[in-house]
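Let's walk through this model together, one region at a time. Keep the structure open and click along as you read.

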Amino acid sequence: MMVEKFLEEQNEQFQKLLKKSTHAGWMAQTTGEKKWAEEAGKASSEFSLFYANKDRYNQVKSYLQDPELTMAQKRQLEILEYGMKENQLDKETIEEMSTMSSELNYLFNTYLPEVNGKKLSANDIRNILLNSTDSKEREEAWKASKEVGQVVSEKLLTLVKKRNEAARKLGYGNYYEMSFANQELDLEEVFFMFEDLVEQSDTTYRRLKGELDNELAKKFGVKVEEIRPWHYVDPFFQEAPANEQTNLDQYFKGQDLEKLTAETFDSMDMPIEGLYASSDLNPREGKNPTAFCMDMNREGDIRVLCNNVDNTYWMGTMLHEFGHAAYNKYVNRDLPYLLRSFAHILTTESIAMLFGKMTENREWLSKFLKLDDEKLDTLMPSLEKHEQLKMLISARWIITFVFFERKLYEDPDQDLNALWWETVEKIQLLHPPEDRSNPDWAAKIHFTLAPVYYQNYLLGELTAAQLYQHIKNNVSDEFFSLKVGAFIRDEFLAPGATYHWNKKIEKVTGEPLNPEHFIKAYCNYQKVNN
């Protein structure tokens, strides 16, 4: 068949471009060298130009009209079509956007703020916000974490406008609308879902955050109304600070995070330790200070970047990133190259999140950290309440980012600094700093490196809640078991991108994505007071 020959050619070209792009990207993130940032920009341009080929795009659209396509053929063509729709641009525009993005990424990776003559890394800032009881020191560290926003904001806004201009050439209202459409997401449906989550969680969130603010006011010797963003443990209030009852750092001190991660996946017959040799797991200057997983070739070379410290945060991050890695590793290698990946960003996020939150799971703490039942009986009531607060804080943060990003692309010339703090105040219920004139929002790298991505984190959490509940109700009460491992590996991971993301969720759990599972798990205040 002509279509089969065409798809073979596309798979072959895609494979070559992916390998070149991931190699340059990995080197850029791990070395901090400008030459690799430039190489990554060039490789990204080549990928975009592959998608931009008008003859290829028209051929894809033509083949999609064929009623005799197999399911695999149709899905490959759909994936190509979604990738090509947003790249039907001239070479100059594609290369310009890739170069701008790479330059911004380089600034993020290499910028170190300075406080009192000392340069602070991301881990330094995190340590201050975790441990310091000096409000002045915390405020200085928090403000330092935002300095990169001032460095990148002007170039970032230029890139946002360039993205919008490109999207309008292709018939979309703006880049945000285009990205949702080509991620197979319904913009209004997702926003309705998120608005509903804000409403459904409101009573619980206000009460739990009120309790947190009272604790912090006592800890820092200030009035509740004097609590500011720097009194929390994360610069963007993405997570709940641990208190004495929920801070598990003492149990991770001196632990081998790599060993614990390997043991977790081994228990489910999904070994991942073979991926350590090519990964980059320890902090050093010049490399990306955050964490991510990269599938280099869809043939088994899967790498994780972390900046590990022996604490709870990095343990959770290791489990999260190797959740991504396990997904990539256990996709069926016999699938066509285009289908040899996750079904959607949100489905790989769901697996990463499922494992990443296990640092507060009783079964995990017992089986891998070897905490005894007496200790767990003491810890778990506080940990369960903390997980609920953590999930609601995370959900509110994601919704804040998503709502702001949509408005950013709808009107990049508005007063974005004021809009940012209005959104933060309304959804996260934070008291803003006195000075709202700084581009604090631009300090979040995702606006640059992963535009219109953030909604997938929350959609991933909703999927994780649904998958976990299905496993507990229908597969096994014991999560870290061969039976559950086989179910996740064979049902969720192996089919790769064979199915539309929501069809996959329905096939695995018996229903399409349903936020009710998340709402039942985390939005009931009574749950934490029984």
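Let's begin with a pair of facing residues: Phe 292 has Leu 305 in β4 as its bridge partner. Keep in mind as you look that this is a predicted model.

Now widen the view to the two strands. Strand β3 covers residues 292–295, and β3 pairs with β4 in the antiparallel sense over 4 bridges. Another couple facing each other here is Cys 293 and Val 304, the latter sitting in β4. The two strands make a hairpin with 6 residues between them. In that turn you'll find Arg 298, which has a positive phi of about 60 degrees.

Which way do the side chains go? In a regular strand they alternate between the two faces of the sheet. In β3, Phe 292 and Met 294 point one way, while Cys 293 and Asp 295 point the other way, and all of them are buried. Strand β4 (residues 302–305) is covered on both faces too. Ile 302 and Val 304 lie on one side of β4, Arg 303 and Leu 305 lie on the other, and all are buried. Notice that the buried residues of these strands include the charged side chains Asp 295 and Arg 303.

How many disulfides does the model have? The count comes to 0. Cys 306 is in no disulfide, because the nearest cysteine sulfur, that of Cys 293, is 9.5 Å away, and a disulfide needs the two sulfurs within 2.5 Å. Cys 306 counts as buried because its relative accessible area is 0%, under the 20% cut-off. Cys 523 is buried as well, with a relative accessible area of 10%.

Next, go to the start of the chain. Helix α1 runs over residues 2–31, and its 30 residues should span 44 Å at 1.5 Å a residue. The C-alpha atoms at its ends are 44 Å apart, so the model agrees with that expectation. After α1 comes Gly 32, with a positive phi near 70 degrees.

Gly 32 also leads us to another part of the sequence. Tyr 106 is 74 residues away from Gly 32 along the chain, yet their C-alpha atoms are separated by 6.9 Å. Tyr 106 belongs to helix α5 (residues 91–110), and at 25% relative accessibility it counts as partly exposed. Val 3 and Asp 66 are 63 residues apart along the chain, with 9.3 Å between their C-alpha atoms. Asp 66 sits in the loop between α3 (54–63) and α4 (71–85), and is partly exposed, with a relative accessible area of 28%.

Asn 116 has a phi near 50 degrees, a positive value in a residue other than glycine. You'll find Asn 116 in the loop between β1 (114–115) and β2 (118–119). Is Asn 116 buried or exposed? Its relative accessible area is 70%, so Asn 116 is exposed. Phe 237 isn't a glycine either, and its phi is positive, about 55 degrees. Phe 237 lies in the loop between α9 (187–220) and α10 (249–252). With a relative accessible area of 1%, Phe 237 is buried.

Now look for empty space inside the model. Rolling a probe the size of a water molecule over the atoms shows where such space is left. The structure holds 1 cavity of 30 Å³ or more, and about 50 Å³ of space lies in the largest cavity. Among the residues lining it are Lys 146, Pro 229, Pro 235, Phe 236, Trp 397 and Leu 430. Which helix gives the most to this lining? Helix α16 (residues 416–428) does, with 4 residues. By class, the lining has 8 nonpolar, 1 polar and 1 charged residues.

One last stop is Pro 512, in the loop between α20 (501–509) and α21 (516–522). Pro 512 is partly exposed, with a relative accessible area of 35%. Pro 336 is 176 residues from Pro 512 in sequence, and the two are 26 Å apart in space, C-alpha to C-alpha.

Terms used
Residues numbered from 1 in each chain as written. Predicted model: local features only at pLDDT ≥ 70, side-chain atom pairs only at ≥ 80, totals over all residues. Heavy atoms only, no water. 1 Å grid on protein atoms, 1.4 Å probe; cavity = no way out; pocket = protein on both sides within 12 Å on 5 of 7 lines; lining within 4 Å. Points joined across faces, edges and corners; volume = space filled by probe spheres on them. Buried < 20%, exposed > 50% of the residue type's maximum accessible area, 1.4 Å probe, protein only. Pairing = 2+ DSSP bridges. Expected span 1.5 Å × (residues − 1).
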